[in-house]
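Please look over the structure below. A short report on its fold follows.

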Amino acid sequence: TNQEIILGIETSCDETAVAIVKGGKEVIANVVASQIESHKRFGGVVPEIASRHHVEQMTLILKEALDEAKLSMDDIDGIAVTEGPGLVGALLIGVNTAKALAFAHQKPLIGTHHIAGHIYANQLMTDLTYPLLALVVSGGHTELVYMEAEGEFKVIGETRDDAAGEAYDKVARTLQLPYPGGPHIDRLAQEGEESIDLPRAWLEKGSYDFSFSGLKSAVINTVHNAKQRNVELKPEDLAASFQASVVEVLVTKTLRAAEEYGVNQVLLAGGVAANSGLRNALKEAFDGTGAELVIPPLHYCTDNAAMIAAAGTIAYRKGKRSSLQLNANPGLEL
Ligand code: KG4
Ligand code: ZN
């Protein structure tokens with residue numbers, strides 16, 4: 001059996017993370033330093049601040065991960081690092097750390113795609129069976145990815161404007177809720193009624209793409225109009241109506257794609273996987289269908305390095321090796 005030990009490094013956004021994974025499945029160390037407290041006062045991630053925190057945290061987090069696993073760099077078989085997509089200045093810290101380690105310890109370097117990581121996070125929970133469909137929904141991404149076989153990714157749909165989490169955060173800001181707003185909207189939505197009519201962006205017939213900016217603008221306009229006319233608007237009703245729109249579109253397109261592609265499994269990934277409305281609606285939609293729905297625990301849904309080590313392990317087995325010329329690629333394609 002394959003028991004290679006892969007070190008994963010992730011710095012694409014506002015989490016500095018290092019993990020060590022054995023055999024692509026067994027997490028023997030998983031350290032994540034979140035920067036949310038630093039970005040909160042700005043209402044979103046400030047790229048310059050993110051980079052600086054990564055620099056400050058990286059060596060400490062690396063040591064913590066090795067200590068947690070009771071291993072030294074000698075025990076590591078390969079180093080997987082997120083090369084993109086993400087914030088270029090943030091990615092560079094991870095990529096340069098990985099290159100320095102690979103050079104100093106003469107270890108294979110494996111540049112890894114962030115979304116491949118989100119998808120392979122599910123492998124830490126369960127065996128993946130192909131073909132499968134993954135719905136990746138986070139602050140930076142909204143994508144439907146079809147996988148015919150191991151390591152073969154086909155993006156069949158993606159957002160044309162805001163990511164789902166981004167829409168949540170912007171709507172939350174309109175309602176004067178703290179950053180990141182997703183969990184706050186989710187909580188409010190559970191107390192409200194779906195009483196406000198909001199649009200659903202289905203796009204062209206048969207399209208698996210998404211669009212959330214029209215919905216976001218509709219929410220903002222509803223709030224402004226209510227203010228101008230001095231009518232009371234219940235934030236919980238607005239949250240419930242907004243969430244219903246997002247969830248309906250995500251679930252309908254995921255279900256339709258799963259049927260069209262005849263998949264065995266449907267995987268959920270990204271921070272928005274925490275959303276109660278989305279989880280419940282997906283469970284209901286896939287109940288009784290031929291596809292198995294896999295929803296990992298939240299700490300594997302949000303950004304972490306165990307997912308990068310897991311995806312890196314698959315690439316390593318397929319013989320992928322990156323050179324020491326590896327560069328951060330903010331627009332990297334899957
Ligand atoms: O995956 P993640 O931690 O970081 C990115 O790569 O973006 O996702 C963060 C996003 C934020 O936009 C946050 O508001 C959203 O996930 N989020 C939620 C919930 N919890 C987190 N959105 C909706 N409902 C939630 N319960
Ligand atoms: Zn992510």
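This is a predicted model: local features need pLDDT of at least 70, side-chain atom pairs count only at pLDDT 80 or more; totals for chains, interfaces and linings use all residues.

Residues are numbered from 1 along each chain as its sequence is written, with chains lettered from A and ligands numbered from 1 in the order in which they are written.

The protein has eleven helices and ten strands. Helices (H or I, at least four residues) and strands (E, at least two) are DSSP runs, numbered from the N terminus. The radius of gyration of the protein is 20 Å, close to the 20 Å from the globule rule for 334 residues, so the protein is as compact as a globular protein of that length. The radius is taken over C-alpha atoms, and the rule is 2.2 Å times the number of residues to the power 0.38.

Five strands form an open sheet with mixed pairing, in the order β8-β7-β6-β9-β10. Strands pair if DSSP finds at least two bridges between them. Both β8 and β10 stand at the edges with a single partner strand each, so one side of each lacks a neighbour in the sheet. Strands β7 and β8 run antiparallel, joined by four bridges. Leu144 has Gly157 in β8 as its bridge partner.

| Strand | Residues |
|---|---|
| β6 | 132-137 |
| β7 | 142-147 |
| β8 | 154-158 |
| β9 | 265-269 |
| β10 | 292-294 |

Notes. Two residues are in contact if their C-beta atoms, placed from the backbone, lie within 7 Å. Axes are lines fitted to C-alpha atoms, for helices over the stretch in contact, and angles run from 0 to 180 degrees between N-to-C directions.
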